[in-house]
Amino acid sequence: MNFMLSKEQEMARTLFHDFAENEVKPLAQEVDETERFPAETVEKMQKLGFLGIPQPKEYGGQGCDTLTYVLCVEELSKVCATTGVIVSAHTSLGTDPIKKFGTPEQKEKYLRPLASGEKLGAFGLTEPNAGTDASGQQTKAVLDGDHYVLNGSKIFITNGGKADVYIIFAMTDKSKGTRGISAFIVEKDFPGFRIGTKEKKMGIRGSSTTELIFENCIVPKENLLGQEGQGFKIAMQTLDGGRIGIAAQALGIAEGAFEETVKYVKERKQFGRPIAKFQNTQFQLADMKTKIEAAKLLVYRAAVAKDTQKIYSVEAAMAKLFAAEVAMEVTTKAVQLHGGYGYTREYPVERMMRDAKITEIYEGTSEVQRMVISGNILK
Amino acid sequence: MNIVVCIKQVPNTNEVKLDPVKGTLIRDGVPSIMNPDDKAGLEAALRLKDSMGAHVTVVSMGPLQADAVLREAMAMGADDAYLISDRAFGGADTLATSTTIAAAIKKLPYDLIITGRQAIDGDTAQVGPQIAEHLNIPNVSYAEDIQVEGDTVTVKRQYEDRYHTVKVKMPCLITALSELNQPRYMTPGGIFDAYREKTVTTWTVNDIEVDMDKIGLKGSPTRVFQSFPKSLKAAGTVVTLDGEEAADYMLEKLREKFII
């Protein structure tokens, strides 16, 4: 067993760290306060290849591994969870399914611009009445000659309104239940497709989370991803990968809050000495750091499993479950150790605590992760 | 056009502490980086490559760990890399260093050589100009801007209170200031290629033509007698007075201290 990153992964981490410190951190507070999508950062990341890290070079990607992509999301999320999730949703949810299930023509047409970052991707599964129970899809797709006609709506879609390409799930045969769901590649300009309400959120406020509306949306037949009825399988396998991205985001948030806290407790003086001198502070820090390291090992292991194992659902679920709960716990403790200042927007830890919460919810709640893990134990 | 860029791996001096007894740098555990002036020189070369096409070769003299800065340079866009590394080169001062590097560069095709002005761990600013001397080519130091047209390089040379515009025919050597530009970031794919698809060629003393008496400690006339940290001075006082009052004030202070 080797717990060392390779030299190239170490150097990539330095790159992501420097980029995050210089380009992302200075905008983080403003992006949060104004709920602004950081388009300028996305453009910079596109030029540097951050939007195609684990994608094959033959399609314009960077040709790196999943762990390197995880390091990117982690470093970005240390300073700005919004930026972290933009990359994660684009890569794991918007691009990976085309890489895995796309035809050579679909890869040429869609994977290439997504891997180079020229186009931004998104993924639409959740509906008002189909969240954790994704099988309750109400969006319908009906084949009509050379195209499908989509009707219905999706909610809580990350990169909604900013993405150019959407992976959309719809029922092609309701009688077959989950086996009646199909996946489609939908371009933002397809007739009958529009963006609905933008959500106002507690955290990751710069991330664009919107409703997607399909009213007799025309989708060419060749944009069916995989086979008819394969949609649920595509969605679940895509989410296995997505969970590793969110686990990396959660890990980054926890580490970011921890670093801020270490800095603060050394400076803040009470009773005539820095609060770092009190054993309560020391023990809290010890617990926070230990949990962060444990989360890191689970997240990195899941990333390696994605590249080396055919099925990695349990590794991904454990990584996301644990990292998300550690992020919530560490950020809450970080605010507590900052005292009153931690509750104000003068310090970034309150933002980090708000950002952490979503990692326990999206791309499968913590409860869903427990279902995946226990289901595997008791199968 | 062939451009050779000399780069050095240095300790990140922002994080270096001084041994209070010995007066030397404590390098243990300090992260190593590409020297900032050298990085600006590399960026200048890569911009010439982007705008007019060029083959960019990076050269570094140092221990085997210096491989990392050469990989970093290739991840930024350099085409190939040479590491000049041998125990025989150890203990070299600027003269022995420039002798060694010049001997290596003689084996490479070059029209333009770019080095950083100085390294942040030594601040001598001597190696670049000395390489030019060894190669018998012109040298323009402290470049703030570099333009190439045909076989001529136009350099904006920085002084404290002015700059000179100097035109020089290639082959020549230019030393770059970190103010020259904002070096680009690497790309993730560039990093992976630098490690997995490109190679750093290591040259030992047997690979270059050099007089053994002119390299390493033996070839180094410089002797460091003592190094010491700058002594701390008390904070000064700023007073704003007009000419005559200021003179009176100064006289009074000098008398107070029994200087006059």
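## Close-up views of the predicted model

**View 1. Helix α3 of chain B and its buried residues.** In this predicted model, the residues of α3(B) that count as buried are B:A96, B:T97, B:S98, B:T99, B:T100, B:I101, B:A102, B:A103, B:A104 and B:I105. That makes 10 of the 12 residues of the helix, so α3(B) is largely enclosed by the rest of the structure. What do these buried residues pack against? Their partners, also in chain B, are the strands β1 (2–6), β6 (55–61), β7 (80–84), β8 (112–116) and β13 (200–203), together with helix α4 (127–135).

**View 2. The length of helix α3 of chain B.** Here is a quick check you can follow by eye: α3(B) covers residues 94–105, and at 1.5 Å a residue its 12 residues should span 16 Å. The C-alpha atoms at its ends are 16 Å apart, so the two values agree.

**View 3. The largest nonpolar core.** This core holds 189 residues, and A:F184, A:V299, A:A323 and B:I174 have the most contacts inside it. Helix α6 of chain A (residues 231–267) gives the most to the core, with 16 residues. Now take a look around B:I174: leaving aside residues up to four places away in sequence, B:I174 touches B:L112, B:I114, B:V140, B:A143, B:I146, B:V153 and B:V155.

**View 4. Where chain B meets chain A.** Here 11 residues of chain B are in contact with 14 residues of chain A. On the chain B side, α2 (67–76) and α5 (188–196) each supply at least two residues, and α5(B) gives the most, with 5 residues. By type, the chain B side divides into 7 nonpolar, 2 polar and 2 charged residues.

Key:
Residues are numbered from 1 along each chain as its sequence is written. Chains are lettered from A and ligands numbered from 1 in the order in which they are written. This is a predicted model: local features need pLDDT of at least 70, side-chain atom pairs count only at pLDDT 80 or more; totals for chains, interfaces and linings use all residues. A nonpolar core is a set of buried Ala, Val, Leu, Ile, Met, Phe, Trp, Tyr and Cys residues joined through C-beta atoms within 7 Å. A residue is buried if 20 or more other C-beta atoms lie within 10 Å of its own, exposed if 12 or fewer, and partly exposed in between; C-beta atoms are placed from the backbone. Helices (H or I, at least four residues) and strands (E, at least two) are DSSP runs, numbered from the N terminus. Two residues are in contact if their C-beta atoms, placed from the backbone, lie within 7 Å. Ala, Val, Leu, Ile, Met, Phe, Trp, Tyr, Cys and Pro count as nonpolar, Asp, Glu, Lys and Arg as charged, and the others, Gly among them, as polar. The expected span of a helix is 1.5 Å times one less than its number of residues.
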